[in-house]
Amino acid sequence: MADTTAAAGTSAYWQAWQDSWDRQQEWYMPDREERFRVMLDMVEALAGPAPRVLDLACGTGSITDRVLRRFPEATSTGVDLDPALLAIARGHFAGDDRATFVTADLKDPEWRAALPHGTYDAVLTATALHWLHSEDLSVLYGQLAPLVGPGGVFMNADHMPDPATPRINAAEHAHRHAAMDRARASGVPDWREWWALAAADPLLADAVAQRFEIYGEHADGDTPSEAWHARALLDAGFAEARTVWRSPSDALVLGLK
């Protein structure tokens, strides 16, 4: 991890934490970049090359980072509640006027009041909303629909298993976790180890402590199917909704206004 004595607060320091987060996430999702690529392809196809983006449950700003590299004229608002991940995001994007980060709790009915804009061309999220239970997610989808302008898009890439195929699911799970075990042996930290490293960093320690006061260890919600997500988006007021990418365990569902 970054040398906090030599690089504390510098761009290299924050880049090291950003890279570390990516490695940890890729350990769970080796196809992570592929889903991001398809997400941005669909943004370009439907919202154009200079979108105003809302990076929902943004974490360290992984989506914002890829949006701004692919679309230099885009702008992005990242929203999250996690103080540690937001610290990394704000440090990483310091000085870049295209990126703004706000603190808000998506379970708060008034969370949208923290946003700097009333509408967005694209609202994007990945591997985050499985923290919510289905009832809360349905409410959130209803809150998101007015934020997406006419012709704009919402996309959610997350764990979306198919309950109708338990044997396929079990075989895929076993195969994926065997690969994860091999990667773990090479020194890639898992979720728990990554947070232990962050807690040991003097610049992040307080924010990590606050983060665990908010969330605890891990607040998993539901993982409904992609068909459930598409129906929920249609019920929320999107004109069209369907899957635009799929892996054996995850999917990317798009809603179009």
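A cavity here is a set of points on a 1 Å grid over the protein atoms alone where a 1.4 Å probe fits but cannot get out. By this rule the count for this structure, a predicted model, comes to one cavity of 30 Å³ or more.

**Cavity**

- The largest cavity has a volume of about 30 Å³.
- Its lining consists of Leu129, His130, Leu137, Asn156, Asp158, His159, Asp222, Thr223, Pro224 and His229.
- Strand β5, residues 148-159, gives the most to this lining, with three residues.
- By class, the lining of the largest cavity holds three nonpolar, five polar and two charged residues.

**Packing of α2 and α5**

- The crossing of α2 and α5 is left-handed.

**Residues in the helix contact**

- On the α2 side, the contact is made by Trp14, Gln15, Trp17, Gln18 and Trp21.
- On the α5 side, Leu85, Ala87, Ile88, Gly91 and His92 take part.
- The contact of α2 with α5 has six nonpolar and four polar residues, and no charged ones.

Terms used:
Residues are numbered from 1 along each chain as its sequence is written. This is a predicted model: local features need pLDDT of at least 70, side-chain atom pairs count only at pLDDT 80 or more; totals for chains, interfaces and linings use all residues. Side-chain values use heavy atoms; hydrogens and water are left out. A crossing is left-handed if the near helix is turned anticlockwise from the far one by less than a right angle, and right-handed if clockwise. Helices (H or I, at least four residues) and strands (E, at least two) are DSSP runs, numbered from the N terminus. Contact means heavy atoms within 4.5 Å. Ala, Val, Leu, Ile, Met, Phe, Trp, Tyr, Cys and Pro count as nonpolar, Asp, Glu, Lys and Arg as charged, and the others, Gly among them, as polar. On a 1 Å grid over the protein atoms alone, a cavity is a set of points where a 1.4 Å probe fits but cannot get out, and a pocket is an open set with protein on both sides within 12 Å along at least five of seven lines; lining residues have an atom within 4 Å of a point. Grid points are joined across faces, edges and corners, and a volume is the space filled by probe spheres set on the points.
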